[in-house]
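Colleague: I am new to this structure. Please show me how to read a few of its features.

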Amino acid sequence: MKIRSRAATAIAATVLATALAACSSGSDSDADASSGTASAGGSGGLTVSHVHGMGIDPADGRLYVATHEGVIAVAEDGTAQRVGDAADYMGFAVIGPKTFLGSGHPAEGSGGHGNRGLIQSTDSGRTWKSLSLGGTSDFHSLEFAHNTVYGYDSTHGLLRVSADRTTWDSRARLAALDIAVSPKDRDLVLATTEDGVAASTDGGRTFDTGSGQVLAFLSWPEADALYGADLTGGLRRSTDGGTTWRKTGTVPGGRPQALTAVDAEHVLAATEEGVYESRDGGRTFTLRLPVSSAEGH
């Protein structure tokens, strides 16, 4: 049995607690602080203080980043522009051309439920429609697999699953930072906990005790390409569903904030300093969008 040091446990607990507390009632971002456009060098009036999710829209191939200040579209030349409101987008997933799922809190002063439940955009983040659980749930992690939404509801510490995006099945309660679903097996669900990666083989109804590699975030685009970001930005890959892990590289910029693997080689990772992209499985990274500050989020 592998015994982890108290220091490692303390770090994991700190990361987990920080992430779970990151989404408070109402956003404290300034609506006028994230207007306009900016380059990857950080010029312009666009402020990005914390990243919650990322994805590539198949409709235009652009990178979309869910942040504390709204959804940001990043062009190949580095130009970045907020595409919609300045809401705090927590859980985020690109599930098809121009089609995104999200959760979080409305922009300050805009009204609406403090917890937005599950919301959906069909115009690449420009507008959003409430689908379910408005005023009830805040999803910090959203996965779309097997035509099903798997969401970690941080408000209740609960895994929820929906086949129609309207009605939900409440499953296991656990303290998790992120979840991932096997692209081959709808019942195999992983969750990052302070004790390691916890696994469920019954669709998230029960989980084993987290053990082994301590990771902050997971992404599972292909059966033999499960990626995880550790607490210091190390990128790891598993080809056996999380039983063993191999470090492929290190994401620049310190502590991770989000991870999305588009396919077996194309990886997006956000840290305290920026959103980075790898096209070679994490061996090298390119800065796509700078992050100005991670404090207070």
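Predicted model: local features only at pLDDT ≥ 70, side-chain atom pairs only at ≥ 80, totals over all residues.

Modeller: Residues are numbered from 1 along each chain as its sequence is written, and side-chain values use heavy atoms, with hydrogens and water left out.

Colleague: Where is the place of S278?

Modeller: Strands are DSSP runs (E, at least two residues), numbered from the N terminus. S278 lies in strand β23, residues 274-278.

Colleague: Is S278 buried or exposed?

Modeller: Buried means under 20% relative accessible area, with a 1.4 Å probe and protein chains only. S278 has a relative accessible area of 0%, so S278 is buried.

Colleague: With which side chain does the side chain of S278 make a polar contact?

Modeller: A polar contact is a pair of N or O atoms within 3.5 Å; within protein, one must be able to donate a hydrogen and the other to accept it, and residues adjacent in sequence count only if both atoms are side-chain atoms. The partner is the side chain of D280, at 2.8 Å. A polar atom of the S278 side chain also lies 2.8 Å from the backbone oxygen of T284.

Colleague: What is the strand order in the open sheet of 4 strands?

Modeller: Two strands pair if DSSP finds at least two bridges between them. The order here is β10-β11-β12-β13, with antiparallel pairing. The edge strands, β10 (139-145) and β13 (169-173), each pair on one side only. Strand β12 (residues 158-162) is joined to β13 by 3 bridges, and V161 stands opposite D169 in β13.

Methods:
Buried < 20%, exposed > 50% of the residue type's maximum accessible area, 1.4 Å probe, protein only.
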